[in-house]
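Thanks for making the time this morning.

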Amino acid sequence: MATMDAVERLRQNFREQFGAQPEVTARAPGRVNLIGEHTDYNDGFVLPVAIDREVRVSARRRSDSEVHLFAANFERRTVFHLEDVQHHPKERWSHYQRGVVLMLQRRGYKLGGFEAVIDGDVPSGAGLSSSAAVEVAMGTAITALFGLDVEPVQLALLCQEAENEFVGVNCGIMDQFISALGRRDHALFLDCRSLETRQVPLRGASGAGEAGTQIVVSDTAVKRGLVDSEYNRRRAECEEAVRRLSQWLPGITALRDVTPERLEQHAAELPEVVWRRARHVVTENARVLASVDALLSGDLTSFGRLMDESHASLRNDYEVSVPQLDVLVTAARSIPGVLGSRMTGAGFGGCTVSLVQGEAVAEFERQVPRAYRAQTGLDPSIYVCRPVDGASVLV
Ligand code: GLA
């Protein structure tokens with residue numbers, strides 16, 4: 001959650017940029033996915049949490065139809081017209097906001113011109129969904145500003161559409177959903193086909209939380225170079241698996257419909273790589289369901305083991321890990337009190353997520369960066385995360 005200082009700084013920034021008080025300030029968090037990786041675009045299951053790193057937007061209506069944006073983090077300004085929302089190759093950072101404005105209008109919502117300042121502390125390019133946080137924060141600010149009645153689920157869907165169709169990144173639904181619907185001290189179980197959700201407590205029932213187990217994110221500091229092309233290739237391989245398997249399993253429309261046992265029966269009929277990709281997805285879906293059960297029964301040891309298995313599957317079958325992620329995971333697991341550790345997000349760099357007993361966190365923060373630096377020469381960032389609420393209007 002934003003401290004009052006951060007909000008006051010943003011509002012001050014708005015006054016300096018636009019010479020008036022903002023009418024609305026909204027926020028939306030980044031996320032870390034506990035388990036269920038590369039399952040969302042296969043109609044499967046995910047279990048992310050919203051984290052205490054967020055994007056904030058202060059905004060005020062204008063009397064014309066111009067939109068003026070200032071990105072405080074890069075000190076860039078851009079202007080566009082509501083009737084003519086276009087790409088701006090020199091101000092690509094603004095494509096997320098432009099896309100959200102366009103998608104709201106396409107759905108028939110009436111917007112006027114406005115000015116907005118955007119800032120935040122979700123590290124960008126680290127796989128903690130800074131893009132989704134920008135989209136959802138912008139959407140939340142605009143809907144509050146113009147009194148639009150947009151349910152959080154609808155907001156998440158239109159933000160995903162903005163990213164797919166306007167920004168041009170073919171992401172699934174997980175990131176926008178958790179940024180819009182997260183709940184403090186809960187993980188969000190999402191069925192990416194039906195869009196049904198269940199808030200899974202991380203404190204109380206499970207004993208997780210400040211005094212108990214902590215969610216620790218470690219950033220490899222590796223730029224995620226290959227991520228877009230490899231991500232699209234994985235999606236295509238999953239579609240190929242469905243196409244081939246549907247010869248024997250009529251009626252399936254996604255890997256969600258295939259059980260690990262069924263896949264095993266047809267292993268010989270799929271090209272080896274396609275079979276391994278499919279095996280990751282079907283076993284990962286099963287691991288998410290088992291993880292929810294483990295969390296609900298307070299069995300964090302089993303939950304940690306499922307995280308470890310998820311990493312092995314992403315590394316060996318899905319091949320989206322990189323050596324630096326593997327080094328971080330191994331370093332984390334060598335600390336007594338670490339229950340599980342895995343890469344999180346799309347892969348090819350970015351972050352790991354570890355489940356760490358409260359009393360082991362200090363040792364983790366001391367030892368893991370040291371071991372990682374020694375083996376890679378890179379400086380990792382470590383964030384002990386608090387699970388927070390999804391998007392909200394602050395003032
Ligand atoms: C990225 C995408 C998500 C999801 C993950 C992998 O974060 O934006 O939709 O596919 O990769 O689980």
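I will begin with the domains and then turn to the ligand.

A word on conventions: this is a predicted model, in which local features need pLDDT of at least 70, side-chain atom pairs count only at pLDDT 80 or more, and totals for chains, interfaces and linings use all residues. Residues are numbered from 1 along each chain as its sequence is written, and side-chain values use heavy atoms, with hydrogens and water left out.

The chain is assigned domain 1 (4-201) and domain 2 (214-385), with bounds from an automatic or database domain assignment. Their centres, taken over C-alpha atoms, are 26 Å apart, and the contact between them, meaning heavy atoms within 4.5 Å, takes 35 residues from domain 1 and 43 residues from domain 2.

Let me turn to the polar contacts, which are pairs of N or O atoms within 3.5 Å. A backbone N or O atom of His38 sits 2.7 Å from a ligand oxygen, while for Gly172 a backbone N or O atom is at 2.8 Å from an oxygen of the ligand. Tyr231 instead brings a polar side-chain atom to 2.6 Å from a ligand oxygen. Of the 300 Å² of accessible area that the ligand has on its own, the protein covers 92%, by the Shrake-Rupley method with a 1.4 Å probe.

Terms used. Polar contact = N/O pair within 3.5 Å; in protein donor to acceptor, adjacent residues only side chain to side chain.
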